Amino acid sequence: MQRDIHENHRIEIRLSGSGGQGLVLAGVILAEAMGVYEGKNVAQTQSYGPEARGGASRSDIVISDTEIHYPKTTQLDLLLSLTQESCDQYYRSLKENGILVVDSDKVRQLPSHKAFSLPFIKTAKEQAGTPVVANVVSLSAVAAIMELCPKESLLKAVLMRAPRGTEDKNRTACELGYEMGVEARRKMRERKYAFDH
Amino acid sequence: MSEVETQNKRKQLYKSNTPLLMQGNEACAWGALAAGCMFFGGYPITPSTEIAEMLARYLPQIGGHFIQMEDEIASIASVIGASVAGAKSMTATSGPGFSLMQENLGYAYMAEVPCVVVNVQRGGPSTGLPTKVAQGEMMQAKWGTHGDYFPIVLVPSSVKECFDLTIRAFNLSEKFRSPVVVLSDEVLGHMREIVSLPPQDELEIITCTRPNEPPEWYRHFEITPDYLSPMASFGEGYRFHLTGLTHDEYGFPTSKQKEIVDKLEKLRLKTARHIDEIADVRLDLMDDAHIMVLAYGSTARAARQAIRIARKKRFKVGMVQPLTIWPFPDDIVGRLLEKVDLVIVPELNQGQIIGEVKRLCQRHIKIVGLNRFDGELITPAQIVDKIKEERP
């Protein structure tokens, strides 16, 4: 029954981590890139606790060519986890052949050898100058891995939502992340992972 | 700020015909601005706060007013005051605040003061689950305050409908001189979707009819043939009295039997006589359906997906979605109930609107609820499973 839901080219993505990592914003940016600049139907929802920092936090994005009836995710095509806790908690929501993307420093125990383990937070800190933009780095990598949209659309959406004064850092973060994603996808092709998007 | 300046300012802020990514709460705020809302009095509460935030930013820019009051009791009081002075007014809240507003809402029903209350539902009772979704106030919106009254309550199911129904809420409140409640929920309020706002001049905006007789003849609560009375505002030269006590056509307290009955009947008949105009039901695949899923609010989203999955499995199932939940669309739903032999009512509560369906059903058919109250949305799979379970 679950398969029927996905028949009409529906893509479901979850960005997860702990509160304060900027994942809800990352979800909004991705939804904006896909909805406003790529002309797709999108629904972005989130789940968070009452606390401002800490606690599990997640942002879900559904992307479709047709009208989205059910706005929440049921079986994930891609899961991004920036903490071990969120990886453990949501890994089961991934569908068969779904893609797992994790931060290599935060998630040490991978539930599957087919995961992409990339140093998002480290890259943000060392090359973009602040760990705060790790959300944009990882979001851009996700967009590239899934081949969701060209970099230009993503960059436009990032700069739309970036707080004033942080544009340069966010642009760097977006470019770094996108490159990481493209590279990861190339490696995956070479190794011929089973996955059909 | 003059009327013209306000209109120009509003036009500058309002972006039509461009796809925008927005939350249901933002859409409510845009709907309010487009409908001509000039006053918001409220108290922030999750998950409704974004409505207050947006109107706090934009209302002062168009010459309107935003006040954060000390609590929700004062909020609805300020809204009533602003409305009586002639401003289209609203507030937004969630369960705990909606409970606090009930007493003054009753006053607004009795004194026939137009205003809009958006209740973005979260888990309850009491402070419940602040960040989780529920549909627990379906009955409170109908019977929340004491006495015999007949509220108008609208339930959106998408971000666009949050915009549309907020405008409709203002229109109905002006026309029927009554509070109108919009029952949104946490999923709708915080969900983002792409919306393209229609141009402002294409929107139908209703403002209450003004009296055209001289002030000395004016009766604020005049009982007219269609039960809708023209409305003057305080400060315009028309004299009238406002009270929560049962009153005559001038607004003064009465204990004459005829005047009491006339007043209370008016409260009922002004909506009952216009039910066709107020009722709004969306039908989906109902033409040949033997199974009906009656769903509203964010639950309708799961139902719309579910009936399509079930159709592929050859279940003849359709969906009925009341966008106006009170007054309940008795005629439309009653007629549809004659054609089906199984009804499923998914709700994010332990069974509230299912009672209305049972009340309307004259025949012996199976009416079952599908209830979830753990703070998450019902999934399409759950509804399909329920259909299979009831019709193996």
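Asp284(B) counts as buried, at 13% relative accessibility; buried means under 20% relative accessible area, with a 1.4 Å probe and protein chains only. The model is predicted, so local features need pLDDT of at least 70 and side-chain atom pairs count only at pLDDT 80 or more, while totals for chains, interfaces and linings use all residues. Residues are numbered from 1 along each chain as its sequence is written, chains are lettered from A in the order in which they are written, and side-chain values use heavy atoms, leaving out hydrogens and water.

Asp284(B) lies in strand β10 (residues 281-284) of chain B, strands being DSSP runs of E of at least two residues and helices runs of H or I of at least four, numbered from the N terminus. Beyond four places in sequence, the contacts of Asp284(B) include Arg304(B), Ile307(B) and Gly318(B), contact meaning heavy atoms within 4.5 Å.

## The largest nonpolar core

The largest nonpolar core has 51 residues, of which Met292(B), Ile325(B), Leu337(B) and Val343(B) touch the most other members. Such a core is a set of buried Ala, Val, Leu, Ile, Met, Phe, Trp, Tyr and Cys residues joined through side-chain atoms within 4.5 Å. Helix α5 (residues 95-111) of chain B gives the most to this core, with six residues.

## The interface of chains A and B

In chain A, 29 residues are in contact with 31 residues of chain B. Across this interface the rule finds zero salt bridges, a salt bridge being a side-chain nitrogen of Lys or Arg within 4 Å of a carboxyl oxygen of Asp or Glu. Strand β2(A) provides seven residues, the largest share of the side of chain A that touches chain B.

How values were computed. Buried < 20%, exposed > 50% of the residue type's maximum accessible area, 1.4 Å probe, protein only.
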